Amino acid sequence: KILPSLVDSLLTIVPKQSHLSLPREESQISRNSHLAAPIGSPAMDAAAGQQEPQLSLAAVRDALVREEDSVVFALIERARHPRNVPAYTPAAGGGQSLVEFFAGRYQKPEDVPFFPQDLPSHLFPTKSCPKVLHPFASSVSVNDAIWKMYFNELLPLFTVDGDDGRYAETVALDFACLQVLSRRIHCGKYVAEVKFKDAPQDYSPAIQAKDRDTLMNLLTFKAVEEKVKKRVEKKARTFGQNVTLEDNAGKQENIADDSECKVDPKVLSKLYDQWVMPLTKDVEVEYLLRRLD
């Protein structure tokens, strides 16, 4: 069976030409909207031909929260190995490094290739996904910035110096980290699309004027960003502790000291504060600037 794309989880089915009024600020989103039924539900089947898929801001928000778990676990897995610098050294004669060789294929619309010029042909049947984004969406990519950030700034924060010789496993875990970070950041396209549709009157003047600063201000909610930073830090502290059956006298149950965590929780907070959320907003702005083309 073909695994469903993340896009499927972001879509709801609403009546054609109906106006789905959703709040713009993430902290005000209700999880219990009665305005839309999930794809594949009886309600959808009963109204076949009368409805069409649309993005739901609540569903996009939930997807971003779930991606936090994937980011935390990916970093925890990579932290099991030291830096392993030889894995990133170009091959003799100027060929690809081992990690560049691994970072290849993408088949889902929420995934953006790091090396689009080197994409192999599909080995398995692919599932067609609903077209919910502007056609120019595929040209919006910040993967170059993600690649440089990951290897130059993030990796040294949660791995130790050293070389255990396990290069293939190391770069496979690097690729998992890169993939989940790229997917999380490029979900900004879906955030931008649903926010634009919810309030085109707010965004259209800035888009027409190519006003990046106004668009960035419309997309920025500091209170929400602070909550995200605290949440990913708490997840890293919870998921990264060593679970034992021994009684730990003097320690609060299920709370690990940061020094005992597999990845420092503050690294996750910094990752989202300095890179994930700013790059996500860069994606949103770039997408919106072309939304009326």
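In which helix does Met149 lie? Met149 lies in helix α5. The views below come from a predicted model.

**View 1. Met149 sits buried in helix α5.** Relative accessibility at Met149 is 2%, so this residue counts as buried. Beyond residues up to four places away in sequence, Met149 touches Leu154, Leu181, Leu271 and Trp275. Trp275 is 126 residues from Met149 in sequence. In space, their C-alpha atoms are 7.8 Å apart.

**View 2. The largest nonpolar core contains 39 residues.** Tyr150, Leu154, Leu181, Leu268 and Leu271 have the most contacts inside this core. Five helices each supply at least two of its residues: α3 (57-78), α5 (143-158), α6 (167-186), α10 (222-239) and α11 (265-289). The top contributor is α11, with 9 residues. A second, separate core holds 24 residues. Among them are Val60, Val132, Cys187 and Phe196.

**View 3. Tyr150 has contacts beyond its sequence neighbours.** Neighbours within four places in sequence are left aside here. The contacts of Tyr150 are then Arg78, Leu155, Pro156, Phe158, Asp174, Cys177, Leu178 and Leu181. One of these, Cys177, has a relative accessible area of 0% and is therefore buried. Another, Asp174, is the subject of the next view.

**View 4. Asp174 is a buried residue of helix α6.** Relative accessibility here is 0%, so Asp174 counts as buried. The side chain of Asp174 makes a polar contact of 2.4 Å with the side chain of Tyr88. Apart from neighbours within four places in sequence, Asp174 is in contact with Arg78, Tyr88, Val99, Tyr150, Phe151 and Leu155.

**View 5. Helix α11 bends by about 45° at Tyr272.** This helix has 25 residues. From first C-alpha to last, α11 reaches 35 Å. That is close to the 36 Å expected at 1.5 Å a residue. Why is α11 described as largely enclosed by the rest of the structure? Buried residues make up 18 of its 25, so the rest of the structure largely encloses it.

**View 6. Helix α10 has cover from α3 and α11.** There are 18 residues in α10. The helix reaches 26 Å from its first C-alpha to its last, close to the 26 Å expected at 1.5 Å a residue. Which residues of α10 are buried? They are Val224, Glu225, Val228, Lys229, Val232, Glu233, Lys235 and Ala236. What covers these buried residues includes α3 and α11.

**View 7. Leu55 belongs to strand β3.** The strand covers residues 51-55. Leu55 has 7% relative accessibility, so it counts as buried. Tyr190 is 135 residues from Leu55 in sequence. Their C-alpha atoms are 7.6 Å apart in space.

**View 8. Two buried cysteines, Cys177 and Cys261.** The relative accessible area of Cys261 is 10%, under the 20% cut-off, so Cys261 is buried. Cys177 is buried too, at 0%. How many disulfides does the model have? The count is 0, taking a disulfide as a pair of cysteine sulfur atoms within 2.5 Å.

Key
Residues are numbered from 1 along each chain as its sequence is written. This is a predicted model: local features need pLDDT of at least 70, side-chain atom pairs count only at pLDDT 80 or more; totals for chains, interfaces and linings use all residues. Side-chain values use heavy atoms; hydrogens and water are left out. A nonpolar core is a set of buried Ala, Val, Leu, Ile, Met, Phe, Trp, Tyr and Cys residues joined through side-chain atoms within 4.5 Å. Buried means under 20% relative accessible area, exposed over 50%, partly exposed in between (1.4 Å probe, protein chains only). Helices (H or I, at least four residues) and strands (E, at least two) are DSSP runs, numbered from the N terminus. Contact means heavy atoms within 4.5 Å. The expected span of a helix is 1.5 Å times one less than its number of residues. The bend at a residue is the angle between axes fitted to the seven residues ending there and the seven starting there. A polar contact is a pair of N or O atoms within 3.5 Å; within protein, one must be able to donate a hydrogen and the other to accept it, and residues adjacent in sequence count only if both atoms are side-chain atoms.
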